[in-house]
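Here are my notes on the model you sent over. Have it open as you go through them.

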Amino acid sequence: MSDVIKIGVLGCANIARNFVIPAIKCLPEKFELVAVSSRSADKAKTLASEFHCHAVEGYEKMIDSDEIDALYIPLPTGLHKEWINKALLAGKHVYAEKSIASDFTQAAEMVDHARQHNLALMEGFMFQYHSQHEIVFNLIKNGEIGEIRFFSASFGFPPLAKGNFRYDEHLGGGALMDAGGYPVRATHFILGNDFEVKGATLFIDPELKTNTYGSAFLTNSKGTGASVSFGFDNFYQCRYEIWGEKGKITAERAFTPKPDYKPKIIVEKPESTKVIEAEPDNHFIKSFEEFYRIICGSSDKNKHYSDILLQSKTLEQIKILSCQP
Ligand SMILES: NC(=O)c1ccc[n+]([C@@H]2O[C@H](COP(=O)([O-])OP(=O)(O)OC[C@H]3O[C@@H](n4cnc5c(N)ncnc54)[C@H](OP(=O)(O)O)[C@@H]3O)[C@@H](O)[C@H]2O)c1
């Protein structure tokens, strides 16, 4: 394999067109966008002409191509099991959109395939690569808020257009798998990996027959609590708060700051409130830099395998606990 990774895209998704393909094109020394594929030849041609690459009709043909080293897979979660496994078994590194799997068993199978074939497998929680969180980590490290007592994170938005795949349980829909993944990942990312779910609730919309909002309570071995909340039928929220013994830190646009946006970090203490404006950052570019490092061996593949397993285990715990009477 040459130093430049030849990458293809499975499905002409909005997230691919608007953010991820432009990010990949910003890294010409790391990735060459070879082709985009779609179920529709016309859709593939339109996207390919926009980004000056080949158009491929059908996902299978793309996966079988010898021209491709890696795939970006922005399909609905319910289709991931089939296409991620096929891609890994064909020897392709995979960057898959969140949520990577519908349940823990699916995630474990994908990780097994990646491990056996020594391939990179990464889940698309790009927000972790935004520099605003480094500001938060430094504030915590410097003792600004003292010991952490509680974490809370929320991601939710008003209803989506009817027919959106996120309302279709067969396509891996539901607010938990979509919006819920962010506050869950944020809990582990900010406070560490030893959180377990103690209680949860999921509202199942009787007409849509999928969950449209929910929340969960988690604790770690030190007794620190965390609450996560998410929804598709909610007033917009995209934030986390870390409440310490001496103060509180809030990241007000924690998960989806656009590349030109300056997210604010608010530090509240008894004597003052400080608002830190973070620099704009493109977490899509940053996360593909990490994907490149995993492929090349300078970042640890195993960390990403573990993150994927922990994330899907935690989402599954929320589902299981919310089903109990
Ligand atoms: N990381 C982030 O910041 C972020 C943000 C938004 C979304 N996402 C994730 O990215 C993925 C795509 O989201 P999106 O909003 O971009 O969705 P979208 O525009 O609806 O794209 C989904 C794509 O999946 C393909 N597809 C194949 N079978 C399908 C089916 N039965 N129904 C619907 N689509 C089907 C379609 O591609 P073809 O028709 O071309 O084959 C379609 O363009 C999801 O997993 C989502 O969770 C991530």
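**Notes on the predicted model**

1. His 52 sits in the loop that runs between helix H2 (41–51) and strand S3 (54–57). Most residues other than glycine have a negative phi. Keep in mind that this is a predicted model.

2. Most peptide bonds are trans. Ser 99 belongs to the loop between strand S5 (93–96) and helix H5 (104–116).

3. Lys 98 also turns up at the ligand: together with Asn 14, Ser 38, Lys 43 and Tyr 59, Lys 98 comes nearest among the 23 residues around the ligand. By class, that shell has 13 nonpolar, four polar and six charged residues.

4. Which parts of the fold supply the shell? Helix H1 (14–25) and helix H7 (176–191) each give at least two residues. Both domains take part, with at least three shell residues from domain 1 (5–126 + 285–302) and at least three from domain 2 (131–280).

5. An N or O atom in the side chain of Lys 43 is 2.5 Å from an oxygen atom of the ligand. On the nitrogen side, a ligand nitrogen lies 3.0 Å from a polar side-chain atom of Glu 97. Gly 124 uses its backbone instead: a polar atom there is 3.1 Å from a nitrogen atom of the ligand. On its own the ligand has 890 Å² of accessible area, and the protein covers 83% of that.

6. Where does the ligand sit among the pockets? The space taken by the ligand is the largest pocket.

Terms used: Residues are numbered from 1 along each chain as its sequence is written. This is a predicted model: local features need pLDDT of at least 70, side-chain atom pairs count only at pLDDT 80 or more; totals for chains, interfaces and linings use all residues. Side-chain values use heavy atoms; hydrogens and water are left out. A residue is near a molecule or strand if one of its heavy atoms lies within 4 Å of it. A polar contact is a pair of N or O atoms within 3.5 Å; within protein, one must be able to donate a hydrogen and the other to accept it, and residues adjacent in sequence count only if both atoms are side-chain atoms. Accessible areas come from the Shrake-Rupley method with a 1.4 Å probe; for residues, only the protein chains shown count as cover. On a 1 Å grid over the protein atoms alone, a cavity is a set of points where a 1.4 Å probe fits but cannot get out, and a pocket is an open set with protein on both sides within 12 Å along at least five of seven lines; lining residues have an atom within 4 Å of a point. A molecule sits in a cavity or pocket if more than half of its atoms lie within 2 Å of its grid points. Helices (H or I, at least four residues) and strands (E, at least two) are DSSP runs, numbered from the N terminus. Ala, Val, Leu, Ile, Met, Phe, Trp, Tyr, Cys and Pro count as nonpolar, Asp, Glu, Lys and Arg as charged, and the others, Gly among them, as polar. Domain bounds come from an automatic or database domain assignment.
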